[in-house]
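Here is a short report on strand pairing and aromatic contacts. Read it alongside the sequence and the model.

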Amino acid sequence: VGLKIKDPYNNRSNIKYPKHNYATSDYVFATGEKVGSLTHFGFKEPAYAAFAGPSLKLRIPIPKELQEKYATFNHCMEVHQIGVCLAWQARTIGNEIIVNVAGTKAFYGDAIPNVDDKFARNKNLLQLNMINDVIPEVVSVAFGRDTKGTELTAEDLQSLEDQGIARRWVGNRAVIFDGVPIFGALYKQDGTKVTNAGATEYLSSGGVSFAPAAVLFSRRSLKKEDIFPIFPSETLEDIAQYTSSNRKVPGC
């Protein structure tokens, strides 16, 4: 009889009917990269699909004797360390140097991260030290002492917070883990497999790189014929389960 989709914004229901009188109807959902899309449709979604992303903002008052020096200060860049990619913008607004940084992604499951979690504090301290590595003269203004070449501590970060210079934030970011798309069978919230629906979601870098394979796997989740004759069917089943909406990761 068609697929009935409820519009969450205006409470309307739109019924989509097949254009032809097919014996059966199969559906593939492709709602984009947003974390939680499948959940909103009533399907199971991997809990670890989101990232916890911390950010750090510094509002550094400029002493009167330095205001002319930093009047046109404007600095933006991307900084890399092993396992870390940090992007920021720093510039003077009025009599303050504003530094905004974000990055250092990590798995956090479906829990809501708290700014006082150990994870968040450690990442914010890492961000502060990365800023100090690149523009120590600006961080030195914040502390009122020369910080070049020094390793800042958790106490240093706390002192900036206490002065209202540092503001920390952490939250679930709507970003999908690169390399683990969903293409395959859909499952209801109770774990029941939906026999005539699949998903091609969260392609990101891995899924886009293997777009033809992603499409084939998505189709195969509905049609059981072996479309990859060069691979053993058992291998394909393992891959399809790993990329399904019901997948599990050991320890999660």
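## Strands and rings

Strand β5 (residues 74–81) pairs with β6 in the antiparallel sense over 8 bridges. Two strands count as paired if DSSP finds at least two bridges between them. Strands (E, at least two residues) and helices (H or I, at least four) are DSSP runs, numbered from the N terminus. The model is predicted: local features need pLDDT of at least 70, side-chain atom pairs count only at pLDDT 80 or more, and totals for chains, interfaces and linings use all residues. Residues are numbered from 1 along each chain as its sequence is written, and side-chain values use heavy atoms, with hydrogens and water left out.

β6 and β7 form a hairpin with 2 residues between them. Gly94 sits in that turn, with a positive phi of about 65°.

| Strand | Residues | Bridges with β6 | Residues that stand opposite |
|---|---|---|---|
| β5 | 74–81 | 8 bridges | His80 and Cys85 |

The covered face of β6 includes Trp88, while Cys85 belongs to the uncovered one.

Now the rings. The whole structure holds 3 aromatic pairs. Phe29 and Phe43 form an edge-to-face pair, 5.0 Å centre to centre with 70° between the planes. Rings of Phe, Tyr and Trp (its six-membered ring) pair if their centres lie within 6.5 Å; planes under 30 degrees apart are stacked, over 60 edge-to-face, the rest tilted. Ring pairs link Phe29, Phe41 and Phe43 into a cluster.

Methods
Buried < 20%, exposed > 50% of the residue type's maximum accessible area, 1.4 Å probe, protein only.
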